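User: Could you take a close look at one part of this model for me, the positive surface patch, and then follow its surroundings into the aromatic pairs?

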Amino acid sequence: MRQRASVGAPNDVTHLSLPAASSASEGAPRASLRLDTLFREHSAYVSRVAFRILGQPQDVDDVVQDVFLKASKRLHAIRDPGAVRAWLATITVRVARRRIRRRRVRFFFGLEAVPEEAAGPDAEHHAMLRDVRRVLDSLPANLRIAWVLRYVEDEPLEQIAAYCSVSRATAHRWVVRAHTALQEAFRD
């Protein structure tokens, strides 16, 4: 029986046990996975994926917090510690998708400001990135996510399908539609 964490006591969520690769009913030892260890090992990856999907650094910290908060609630359900990275990527995709959709609604109602442009020697590079972001921002969230995972994160279609919880064929369609939109926008 688990006791509730009290003020000043260590939080139960920071140290949870996972079954080892073989079943726990066979008397196998249990692997221990701590939330703080999970965060240390995977937060940079989650940050990178979130930044590349969202395209705005100001949202990344919030997404990372949301991802690990959601992960802490389901950490006990992990059967294969080797699948943690893919599981966190799936959560990151879902959180980023919600944030993109929320950002679009806020922008539509004038509650979201357009990010400021950088100036300086890399202005041409920033202008090109701005144009790519503009096109990506015009795409539905699923197309944007699939394209970023494929061409920026270099994920295979099978992995994109798993992260997005769709079939491989659907992931492929999303990537192709996004890529076509970008090609048309930059045909000049």
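Analyst: Happy to! Lys70, Lys73, Arg94, Arg98 and Arg102 form a positive surface patch. Helices here are DSSP runs (H or I, at least four residues), numbered from the N terminus.

This is a predicted model, where local features need pLDDT of at least 70, side-chain atom pairs count only at pLDDT 80 or more, and totals for chains, interfaces and linings use all residues. Residues are numbered from 1 along each chain as its sequence is written, and side-chain values use heavy atoms, leaving out hydrogens and water.

Lys70 lies in helix 2 and counts as partly exposed at 36% relative accessibility (buried is under 20%, exposed over 50%, partly exposed in between, with a 1.4 Å probe and protein chains only).

Now for the aromatic rings: the whole structure holds 2 aromatic pairs (ring centres within 6.5 Å; planes under 30 degrees apart are stacked, over 60 edge-to-face, the rest tilted). Phe39 and Phe68 have ring centres 4.9 Å apart and planes at 70°, so this pair is edge-to-face. Because Phe39 lies in helix 1 (residues 35-54) and Phe68 in helix 2, the pair ties together parts 29 residues apart in sequence. Phe68 is buried at 7%, while Phe39 is partly exposed at 39%.

Key: Patch = residues over 30% accessible without salt bridge, like charges linked within 9 Å, V, L, I, M, F, W, Y side chains within 5 Å. Areas by Shrake-Rupley, 256 points an atom, 1.4 Å probe, with all protein chains shown as cover. Salt bridge = Lys/Arg side-chain N within 4 Å of Asp/Glu carboxyl O. Lys, Arg positive; Asp, Glu negative; His and termini not counted. Charge placed at Lys NZ, Arg CZ, Asp CG, Glu CD. Helix = DSSP H or I, 4+ residues; strand = E, 2+ residues; numbered from the N terminus. Phe/Tyr/Trp six-rings, centres within 6.5 Å; stacked < 30°, edge-to-face > 60°.
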